Amino acid sequence: MSAGATNGTGPIVTILLDDAPRRAIEAHAERQRNREVAGFLVGRCLERRAGGRYVVTISGYLEARFTLLRAGSVTLSPDSWHFAHAELARRYPGRPSRLAGWAHTHPGRGAVLSEPDRFIHRAFFRLPWQVAAVIDPLVRTASFFGWSAGQGDVQQLPFVWQWG
C-alpha cells in the first residue's frame with residue numbers, strides 16, 4: 001500500500017507500507033483494543049525527489065515498551081526510546097533501517113492526530129520524511145500523517161488503510 005501528497009503545499013512524503021508491519025500494527029492494536037498503545041515504524045527514506053518530496057518504505061514495526069499511559073494519551077518514556085534503538089540494532093544489524101516514525105491507537109476516538117500527538121511528532125520525529133500513523137481499532141480505521149512543505153505542520157496523508 002502507499003500514501004502520498006497531492007500538491008506542492010501538502011505533505012511531502014509518499015509512504016510504501018509493507019504488509020508485514022501493517023499486520024503487526026493491527027495485531028498490536030487488536031490485543032489492546034480498549035487502551036492506547038504505541039510503536040515505532042521501521043524503514044528508510046528510499047529517495048528524495050524533485051521539489052523536496054520523499055519516498056519512504058516502512059518495512060517493520062516495533063511495539064513500544066515502557067510507555068506511560070494516562071487518560072486518553074500515551075507517552076514514550078526514555079526507556080521506550082532505549083528499547084526501540086536496541087531492538088532496531090538487534091533485529092536489523094548492518095541494514096540501513098531507521099525509525100521512520102511512530103504509530104499509536106485512539107480506541108473509539110478516530111484516526112486523528114491530537115495536539116499532544118503533534119507535540120510528540122514535532123519533538124521527536126523532525127526529519128522531513130518521518131511519519132505518524134494513528135489507528136482506531138474499534139472501528140478498524142487508520143490514517144498516516146506527514147510533514148507539510150517547509151515542515152510547518154503535520155498533515156494527514158491521502159491513504160486508504162485496508163484492514164486485515
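Guide: Happy to! Let's start at Arg109, which counts as partly exposed at 39% relative accessibility (buried means under 20% relative accessible area, exposed over 50%, and partly exposed in between, with a 1.4 Å probe and protein chains only). Please keep in mind that this is a predicted model, with residues numbered from 1 along each chain as its sequence is written. Local features need pLDDT of at least 70 and side-chain atom pairs count only at pLDDT 80 or more, while totals for chains, interfaces and linings use all residues; side-chain values use heavy atoms, leaving out hydrogens and water.

The side chain of Arg109 meets that of Glu36 in a salt bridge of 2.7 Å, N to O (a side-chain nitrogen of Lys or Arg within 4 Å of a carboxyl oxygen of Asp or Glu). This pair links distant parts of the chain, 73 residues apart: Glu36 sits in the loop between H1 and strand S3 (38–49), and Arg109 in the loop between S7 and H3. Helices (H or I, at least four residues) and strands (E, at least two) are DSSP runs, numbered from the N terminus. Glu36 itself is buried, at 6% relative accessibility.

Asp117 is buried yet has no salt bridge, and its nearest side chain of opposite charge is Arg109, 5.3 Å away. For such charges, Lys and Arg count as positive and Asp and Glu as negative, while His and the chain ends are not counted. What Asp117 does have is a polar contact of 3.0 Å, side chain to side chain, with His106. (A polar contact is a pair of N or O atoms within 3.5 Å; within protein, one must be able to donate a hydrogen and the other to accept it, and residues adjacent in sequence count only if both atoms are side-chain atoms.) Setting aside residues up to four places away in sequence, Asp117 touches Trp102, His104, His106 and Val112, where contact means heavy atoms within 4.5 Å.

Now for the helix around Asp117. The buried residues of H3 (residues 115–124) are Asp117, Arg118, Ile120 and His121. They span an arc of only 160° around the axis, which places them on the same side of H3; the arc is that of the directions from the helix axis to the C-beta atoms. These buried residues pack against strands S6 (73–75), S7 (98–105), S8 (131–136), S9 (141–147) and S10 (154–156).

One of them, Arg118, is buried with a relative accessible area of 17%. Its side chain forms a salt bridge with that of Asp153 (3.4 Å, N to O). Arg118 lies in helix H3 and Asp153 in the loop between S9 and S10, so the pair ties together parts that are 35 residues apart in sequence. Asp153 is partly exposed, at 28% relative accessibility. The structure holds 12 salt bridges.

Finally, a word on confidence. The chain has a mean pLDDT of 86, and 91% of its residues reach 70 or more; pLDDT is the predictor's confidence in each residue, from 0 to 100. Confidence is highest in S8, at 95, and lowest in strand S1 (residues 2–3), at a mean of 52. Where pLDDT is low, the predicted coordinates should not be read in detail.
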